[in-house]
Amino acid sequence: MTDTRLRRRSLLGLPVAAAAGSVLSQVAPLAARAVAGGPAILKPLPPEWFIDHGTNAEMRWDSVDPKDYRTPQSRLFVRNHTRTPIIDEADYRLRIFGDGLSDPAGVTLAVADLRRRFTNVEVTATHECTGNGRSFFTTQQGQSVSGTAWTLGAVGTVTWQGVRLGDVLRSAGLRSDAVSVLSTGLDPSYVDKGVDYGPVRRPFPVAKALDDAVLAWGVNGERLLPDHGFPLRLVLPGWVGIASTKWLGSLEVSRSELTSPWNTKWYNVDGALTVNPVRSAWELPRDARLPAARKIVLTGRSWSGTAPIARVDVSTDGGETWSAARVHPAPQPSRGRGWSQWTYVWRDAAPGPHTLLARATDGLGRTQPDVAAFNPSGYFFDAVVRHPVTVV
Ligand SMILES: Nc1nc2c(c(=O)[nH]1)N[C@H]1C(S)=C(S)[C@@H](COP(=O)(O)O)O[C@H]1N2
Ligand SMILES: [Mo]
């Protein structure tokens with residue numbers, strides 16, 4: 001579907017000149033405007049918390065507080081295809097339409113309607129970009145890939161507040177033969193090498209919508225920040241970050257398979273990517289200098305898109321020998337959607353350089369390989385990362 005802004009406005013059934021008088025009104029979608037000439041990300045990005053990648057910002061693992069299971073929204077990574085739009089909640093409506101509904105004209109809902117009419121739910125889940133770890137294809141495997149050179153910080157774990165998408169679709173008249181839902185964002189169109197691909201949008205199966213998808217207005221008990229999708233975003237727990245459309249403008253429900261470049265051209269390796277792989281990170285800077293001690297307490301986290309982490313094995317000698325880390329019980333049981341924290345006590349470490357490794361295995365036996373499967377876009381780097389440190 002070619003979802004031009006004009007079409008979106010007319011679908012919403014609201015006047016085109018919503019922001020009459022402003023130059024932005026000619027280019028910005030209804031109820032959304034990017035800050036022309038301003039930063040692509042609006043929240044503060046202190047360098048001790050974030051690595052700046054332009055329109056994207058990566059969480060520094062060495063800034064993670066081992067006492068805090070969840071990632072504060074202020075510290076959550078940001079991945080923007082274009083820039084964060086400012087949306088006025090008073091004007092905002094979510095449009096749900098399509099031939100997968102008993103009345104294809106569908107429904108229009110404000111966030112307040114969702115909050116009032118449907119059971120409010122919370123889901124704690126690890127939220128991660130498909131390209132997390134991408135830079136290691138190059139630095140660890142010598143391969144050249146395109147895209148943001150994330151290390152391992154395009155990930156966080158948060159508790160989302162919202163309503164079940166399944167409840168909303170059923171109340172909107174979901175037909176039993178509906179198969180596909182296409183979510184579309186209200187951010188500016190994505191233009192790459194002179195081609196305008198339209199706004200970020202991605203289809204997913206009705207089965208996922210009915211399983212555990214959430215329409216979220218909150219994170220960790222706060223309202224969503226503009227950068228994370230205010231006033232409403234989609235959340236597909238356990239799935240690749242691109243599946244969780246921010247600034248959700250519409251949901252098209254269809255009796256036939258819908259597609260978009262975001263599941264055919266991008267985020268696709270022999271098929272659209274859906275469930276996140278298993279990965280692990282140390283809560284340390286790269287090249288950390290660790291003061292010599294009889295016991296050095298090391299911490300980290302591991303996560304998987306499908307199941308809770310069952311075990312984590314670590315090596316402090318570049319992979320020669322391995323020991324089990326102590327995996328902490330999850331404080332936020334939520335169908336095992338969140339990450340696991342772990343601790344390893346490193347005894348009698350000799351001064352000098354060392355390479356730390358961590359390999360997690362989830363409850364379905366999925367684990368981390370030594371070498372990640374190459375793909376030119378550098379998705380799903382799930383190999384064990386070699387983490388250099390020096391004991392001083
Ligand atoms: N509308 C819209 N939704 C989007 C994106 C975007 O650019 N526009 N980026 C996607 C990608 S690739 C990721 S990884 C997550 C990032 O969510 P966050 O910025 O809230 O951490 O949002 C997804 N949803
Ligand atoms: Mo992403």
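Start with a side-chain pair: Gln368 and Ser280 meet through a polar contact of 2.6 Å. Keep in mind that this is a predicted model.

- Gln368 has a relative accessible area of 2%, so it counts as buried, the cut-off being under 20%.
- Besides the link to Ser280, the Gln368 side chain gets to the backbone nitrogen of Ala360, at 2.9 Å.
- Once neighbours within four places in sequence are set aside, the contacts of Gln368 include Val278, Arg279 and Ser280, along with Ala358, Arg359 and Ala360.
- Asp382, Ala383 and Val384 are also among the residues that Gln368 touches.
- Take Ala358 from that list: its C-alpha is 9.0 Å from that of Gln368, and the two are ten residues apart in sequence.

**Ligand 1 and its surroundings**
- Ligand 1 has 20 residues around it, and the closest are Phe77, Asp187, His228, Arg233 and Lys246.
- On the Asp187 side, a side-chain N or O atom is 2.6 Å from a nitrogen atom of ligand 1.
- Arg233 puts a polar side-chain atom 2.7 Å from a ligand 1 oxygen atom.
- Lys246 also has a polar side-chain atom by an oxygen atom of ligand 1, at 2.6 Å.
- On its own, ligand 1 has 530 Å² of accessible area, and the protein covers 100% of that.

Methods: Residues numbered from 1 in each chain as written. Chains lettered and ligands numbered in written order. Predicted model: local features only at pLDDT ≥ 70, side-chain atom pairs only at ≥ 80, totals over all residues. Heavy atoms only, no water. Buried < 20%, exposed > 50% of the residue type's maximum accessible area, 1.4 Å probe, protein only. Contact = heavy atoms within 4.5 Å. Polar contact = N/O pair within 3.5 Å; in protein donor to acceptor, adjacent residues only side chain to side chain. Near = heavy atom within 4 Å. Areas by Shrake-Rupley, 256 points an atom, 1.4 Å probe, with all protein chains shown as cover.
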